[in-house]
Amino acid sequence: SDAQGNLLDNEHLKLFDFLIAELKKRKIKTLITPIAFWGNGYPEQDVDLGGCSSKYGKKRALVEEEAYVAQERYLKQFFQHKNRYTGLRYQDDPDIIATEVNNEPQHSGPSERVTVYINRMVKAIRGTGWTKPVFYNISESPDYAAAAVKADVDGHSFQWYPTGLVAGHTLKGNYLPNVSRYTIPFDSIPGFKNRAKMVYEFDAGDILDSYMYPAMAKSFRVAGFQWATQFAYDPMATAYANTEYQTHFLNLAYTPAKAISLLIAAQTFHALPRGLKQDSDTTFG
């Protein structure tokens, strides 16, 4: 986008369209998060491309009226956009099943403003004809969970890094106790019980052993999650060094046991009923 939130038909949008089309060819379902607040350079220096998310940043974007208007403008244009490779708007693509509003919002200020912000963004999205589920993330702002639940959304998104991140070395030992249960501390809030729940990213950071993913999948199903995506598989060109995020290391050529365990975890996630009663950490039926 530009600084006012207008969608730019540039190489970034073209690449995003191409990614969606390639995932579709492989029958991979997609959940889109249209607003992100990070820069473009990591681990190198960011270059300011003049977009509204970099203009306002993660905090200002959630509290300032001018930023609200820019994001509303962007969301309306984004969800009206037709993919140049599939010929479909995101609404009309059956392989795109839902959207988040934004990535890891960090709220501040009065809680009432949080509800207003979410509702305005959701209205902008649904005003384009979007009828699929809309999720809102709570992981980064748990103190505002009640305000988020008051908003007109279909579900909420979560993360899980039960072994921490960027230890700087491979963790050794038995970490199954770290993933024996996924706890949602605010699941008693009225209105939350009937919301859809998804995990937008998870990993057992710094662990090269292969036993963690199936256990995490089981805990997700016990907690009632309907979607879980691992962060993140390394493309072959960078997998030998994993320069993007050194704490995560997953690639079929370099970590074959972990890759197979993720496949097993996917089977586990599909096979176990949502909300099943927890029996033991290592029994899978």
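In which sense do strand β2 and strand β3 pair, and over how many bridges? Strand β2, residues 96-100, and strand β3, residues 134-137, pair in the parallel sense over two bridges, where pairing requires that DSSP find at least two bridges between the strands, and strands (E, at least two residues) and helices (H or I, at least four) are DSSP runs numbered from the N terminus. Thr99 stands opposite Val134 of β3.

Before going on, this is a predicted model, in which local features need pLDDT of at least 70 and side-chain atom pairs count only at pLDDT 80 or more, while totals for chains, interfaces and linings use all residues. Residues are numbered from 1 along each chain as its sequence is written, and side-chain values use heavy atoms, with hydrogens and water left out.

The sheet is open, with six strands in the order β1-β2-β3-β4-β5-β6 and parallel pairing. Its edge strands, β1 (30-32) and β6 (227-230), each pair on one side only.

Turning to charged contacts, the structure holds 15 salt bridges, meaning a side-chain nitrogen of Lys or Arg within 4 Å of a carboxyl oxygen of Asp or Glu. In one of them, the side chains of Lys24 and Asp95 meet at 2.9 Å, N to O. Because Lys24 lies in helix α1 (residues 11-25) and Asp95 in the loop between α3 (65-80) and β2, the pair ties together parts 71 residues apart in sequence. Lys24 counts as partly exposed at 24% relative accessibility, whereas Asp95, at 13%, counts as buried; buried means under 20% relative accessible area, exposed over 50%, and partly exposed in between, with a 1.4 Å probe and protein chains only. Lys24 and Asp95 also belong to a salt-bridge network with Lys29 and Asp93.
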